[in-house]
Number of protein chains: 2
Amino acid sequence: MEFTDQIDPASYFDSYEDLKVHELMLTDQPRQEAYQKAILGNRALFEGKTVLDVGAGTGILSIFCAQAGASKVYAVEASNLARLARAVVEENQLQAVIEVSECKVEDFQLPEGERVDIIVSEWMGFFLLHEGMLDSVLYARDKFLKPNGLMFPDTATLYVAPCSVPSRFDRWESLSGVSMRCFGRALREQNSGNPEVLTVAPEHLLYDGHIIAWFDLMEVTTEELNSIEVKDVIVASRSGKLQGFCIWFECTFPGDGAEEQLQLSTSPSASETHWKQTVIPLPEDACEELEERDPVAFSLTMTRNKETNRRYDLQLTLLDAEKEEHHLPCECHMTKCILMKTHLEKMQVEEEQH
Amino acid sequence: MEFTDQIDPASYFDSYEDLKVHELMLTDQPRQEAYQKAILGNRALFEGKTVLDVGAGTGILSIFCAQAGASKVYAVEASNLARLARAVVEENQLQAVIEVSECKVEDFQLPEGERVDIIVSEWMGFFLLHEGMLDSVLYARDKFLKPNGLMFPDTATLYVAPCSVPSRFDRWESLSGVSMRCFGRALREQNSGNPEVLTVAPEHLLYDGHIIAWFDLMEVTTEELNSIEVKDVIVASRSGKLQGFCIWFECTFPGDGAEEQLQLSTSPSASETHWKQTVIPLPEDACEELEERDPVAFSLTMTRNKETNRRYDLQLTLLDAEKEEHHLPCECHMTKCILMKTHLEKMQVEEEQH
C-alpha cells in the first residue's frame, strides 16, 4: 500500500480552527460530565419529552437527551457543523428522535402551535457572558418553551474574589535565578487593562467568592444582561498580595431534589475547564499586601459592547474602603466595624435576655 | 486609591502575541533547565570567554553566560524585544558584560578582527527545523566563531517512530458513551496531510525512535538542511495501531566529559516541552494493526519550502515492506529476514570456531 502525505505549509497548525474548538469542548471533562449527569441522571424528567437543543454544535447534548428517553429532540445549529451533527446522530441511530436544523434559533420554526418541555444548551462564554450565546437561549425560551418547561442549566452565578496572580507578578522576581521583573512588567503593560483567561490556584484567592450576579434562567431577560453592576466591600479571608480580581461562574441543573444539586463549576477549586478563570490584573501601583480581615472596596461593571453585542466590557474600580459603606455586621478590622459589630452583638444579647 | 480598569474589547485575549510566546518559552522548564545546566554547569568553559547569543530574545541565555563567568557577551536580537533584553540585563546589573544589539545577526559586526569563543542560541523550531533559525546560527558560526570555538548546543538529532494517535482516532469511538467517529473523521480530514503539534504518550510509540538525521552543529551547512531524506524499514518493537508517525528531536551541549552529556529532549518519554511532538496522522485506510516485529517501510522527506525559507514541507510515503531492503540483520518476522538472521548467526559461530 502506498500513500503519500504531501503537506501544505500555508496551513500548518492553524487551519480549521472551528473543529479544534469543538474538540476542546468535547474533551473538557468537567463540562462534559456535568451535562451528562444532569441529563442521564434525570431520566424521569426527559422520558417521553420534547427537547430543544440551542446551538447544538456536534449534537452530543441532543444525544444525551435522546439516551435519557426524550421522544423528540430539535437540535438547532447555525453553522455548517449542523451537517456533522446530523452524521453523528445517524451514527448513533437516533435520527428517528433527533431532528437537526441548520439555522439560527431565531429563524427556527416548530410545527404549528407546538412548544417544547425542555431547553438544553451550553451557551456559556468566558466569565459566563463574554462571547456566549445566552441571548439566543432566552429568545428560544420565550418563543418555544412550555409555561412549565425546564431549562438545562436553570441558574447561573457569577463570582469575584481579590487574588494574587503570581504568574503575572511574582514569577518574574527570579526566574531560574535571573531577575526578570522588566519582562513581567512588559507582559502586564502589554495586556494592560485587559482581562486574561488564566488558571488561578485556590490558594491564590484572598476570598472564597463574592456573588456578583445570580440568574434564574427561567426569568432573566436580555435587557437585564445589558449591564451588570456591583459595588461592594469584601473582607479578605486570608493574607496575601492583592494583584488582581478573579471571576468565575457556576451553573446548576434541574433535578429531582433527591441528590445534591448538579452543577458545572469553573471555580479555582473545581477541576479545570476550558473556561479556566478570568483575571483582571491590577496595575503595579494598585497592588498591595493584604492582611486577613482587610477590607477591599471595589466596583465592577460588565457592560455589553456597543458594536459587538456578544462581547462584554469589564470595568473595575478600586474604591476607598474608608469611604464606602460596609456590610452589617462587617468582619473587617476597621475600628468603626469592630465597634458596630460589638454593638450589634450586645443588642442581640440584650434582646435575648428580654 | 482609585483606579479604573477600562477594557478594550477589540483586543481581548489576542493582543501582543509576541510576549506571550516568550512567556511560554521562559516557563518551559525542560528548555530552561537544559540551557541553565549546560551553561552554569560548565563554568570552566565560560570563564573569561567571549560569547555570542544569536536571537537573544529576552536575554536570559546571555545572563546565564555572564553568570557562568563570560567576560563579554554579545546578545543579538532582531526584534524590538532587544530593548526589553537591555532592560533585563540592567536589572541584573550585567551591562558591563552583556552588550545587546538590535539587529539581525547577518547585519551584526564584531570589533575589527575579533571572534567569539562560544555561540549560544535557542534556535529550534517545531520538528527541529520548521520556523527555526538554524540558518542564522550557522551564518554566525562561520563568520564569528573562533576555529576551536564551541556551540551551545553542539549536536541535534531528529527521530521518527510509528505510533498510535488515540486523540485523533480511538477517542472518538465512544466519547461519554456517544459514538463520535464522524467527528474524529472530520477532524482528521480537516487537517488532512498536515502534521500536528500534539503530545504523544510514550506507550503510544510502536518503536523507541529511529534516527532520521544527526547534525554536528560545528560542521553542518545550510545546504545540507535544504532537504533531509530517509527511506527505511523499522521493526515494530511493540504491537498496536499504526495511526501516524511521531517526530521529535534532541540537542546536546558541550561538557567536560565528567558527567553524563547534557541534553534537551523533546521525546515522548521526556518531560513535556512547548515543542511537544509533531505527528503526521495517516489517512484512515492507511492505518493498520501492527504486531510486534512487523516491519514498517516508509520514506520521509523534509524539504525547505520554496517561498518561505524557514518553513519545511514534510512528505511521508508508506512503502511495501516486502519490496524494500531491510537492515542486516533485520529483527522482523518476515521469512527472508528470519532465514538471513539465522544464516548470519551461523556464520558468526563458524568464524568464532576458527
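Modeller: Happy to! Of the 354 residues in chain A, 55% count as buried, meaning under 20% relative accessible area, with over 50% called exposed and anything in between partly exposed (1.4 Å probe, protein chains only). Please keep in mind that this is a predicted model, in which local features need pLDDT of at least 70 and side-chain atom pairs count only at pLDDT 80 or more, while totals for chains, interfaces and linings use all residues. Residues are numbered from 1 along each chain as its sequence is written, chains are lettered from A and ligands numbered from 1 in the order in which they are written, and side-chain values use heavy atoms, leaving out hydrogens and water.

Chain A has eight helices and 17 strands; these are DSSP runs numbered from the N terminus, helices being H or I with at least four residues and strands E with at least two.

Now to the helix packing in chain B. Helix α2 (residues 29-40) and helix α4 (residues 60-67) of chain B pack at an angle of about 25°, and their axes are 9 Å apart. Axes here are lines fitted to C-alpha atoms, for helices over the stretch in contact, and angles run from 0 to 180 degrees between N-to-C directions. α2(B) and α4(B) are therefore roughly parallel to each other; angles under 35 degrees count as roughly parallel, over 145 as roughly antiparallel, 65 to 115 as roughly perpendicular and the rest as oblique. From α2(B), the contact (heavy atoms within 4.5 Å) uses B:Gln32, B:Tyr35, B:Gln36, B:Ile39 and B:Leu40. From α4(B) come B:Ile60, B:Leu61, B:Phe64, B:Cys65 and B:Gln67. Sorted by type, the residues of this contact are seven nonpolar, three polar and no charged. Ala, Val, Leu, Ile, Met, Phe, Trp, Tyr, Cys and Pro count as nonpolar, Asp, Glu, Lys and Arg as charged, and the others, Gly among them, as polar.

A second pair joins the two chains. Helix α5 (residues 81-91) of chain A packs against helix α7 (residues 181-190) of chain B at about 140°, with axes 8 Å apart. α5(A) and α7(B) are therefore oblique to each other. On α5(A) the contact is made by A:Leu84, A:Ala87, A:Val88 and A:Glu91, and on α7(B) by B:Arg181, B:Cys182, B:Phe183 and B:Ala186. Here the division is six nonpolar, no polar and two charged.
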